[in-house]
Amino acid sequence: MKKYMGYELGRVMILNLERDDLLLETIEQELRKIGIKNALLTSAIGSLQKVVLHRVVGTGREPEDEFVTLEKPMELASLQGVVLDGKAHFHMVVSDVEQSYTGHLEPGTRVLYLGEISLVELKDVSLCREKNENNISMIVEKEER
């Protein structure tokens, strides 16, 4: 186990996404526009018309993922995660009228009616993700280049 500490929060960004906006791509684009590289996702609700996610389906040393695309009205019940070095790593819970789905948010997920997303900037961390020997993307301190 490794632990990383941050002590200073910065700007708060609240996004009001509209019909047909791409969820992940819009969040990352707006963070880039205002120069936020590291952030905590604090809240996310909305409705989706297309959900693209991947989820783990094996227990081997290296991850085995299944990619799922759902094209139907969905409620965004939960979205959580962090943005490190400009790259979002978010997990989600979505549901239709019959069942719920969970997994890692992927590009291509599209808003149906609205998406309300809030993030808070982490100002004093220098972290990123790097794949380890088992092909798992782990949080590491970013090497200054």
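A salt bridge is counted here when a side-chain nitrogen of Lys or Arg lies within 4 Å of a carboxyl oxygen of Asp or Glu. The structure is a predicted model, in which local features need pLDDT of at least 70 and side-chain atom pairs count only at pLDDT 80 or more, while totals for chains, interfaces and linings use all residues. Residues are numbered from 1 along each chain as its sequence is written, and side-chain values use heavy atoms, with hydrogens and water left out.

Side chains of opposite charge can pair when their charged atoms come close. By the rule above, the count comes to eight salt bridges. One of them joins Glu8 to Lys123, with 3.6 Å between the closest N and O atoms. This pair links distant parts of the chain, since Glu8 belongs to the segment before β1 and Lys123 to the loop between β6 and β7, 115 residues apart; helices (H or I, at least four residues) and strands (E, at least two) are DSSP runs, numbered from the N terminus. Glu8 is partly exposed at a relative accessible area of 41%, as is Lys123 at 47%; buried means under 20% relative accessible area, exposed over 50%, and partly exposed in between, with a 1.4 Å probe and protein chains only.

Another salt bridge, at 3.1 Å from N to O, connects Glu30 and Lys33. Both residues lie in helix α1, three residues apart, about one turn of the helix. Lys33 is exposed, with a relative accessible area of 57%. Arg55 and Glu66 also meet in a salt bridge, at 2.7 Å from N to O. Here Arg55 is in strand β2 and Glu66 in strand β3, eleven residues apart.

Strand β2 also takes part in several strand pairings, where two strands pair if DSSP finds at least two bridges between them. Twelve bridges join β2 to the antiparallel β3, and within this pairing Lys50 stands opposite Glu71. Nine bridges join β2 to strand β6 (residues 110-122), again antiparallel, with Leu40 opposite Val120. β2 pairs with β5 in the antiparallel sense over two bridges, and Leu53 stands opposite Leu105 in β5.

Glu62 is placed in the loop between β2 and β3 and touches Glu133, Asn134 and Asn135, not counting residues up to four places away in sequence; contact means heavy atoms within 4.5 Å. The C-alpha atoms of Glu62 and Asn135 are separated by 5.9 Å, although the two are 73 residues apart along the chain. Asp85, in the loop between β3 and β4, has a positive phi near 50°. Most residues other than glycine have a negative phi. Asp85 is also linked with Lys37 and Lys142 in a network of salt bridges.

The largest pocket has a volume of about 620 Å³. On a 1 Å grid over the protein atoms alone, a pocket is an open set of points where a 1.4 Å probe fits, with protein on both sides within 12 Å along at least five of seven lines, and lining residues have an atom within 4 Å of a point. Grid points are joined across faces, edges and corners, and a volume is the space filled by probe spheres set on the points. Of the 22 lining residues, the closest to the pocket centre are His54, Asp65, His89, His104 and Ser137. The elements that give two or more residues to the lining are β2, β3, β4, β5 and β7.
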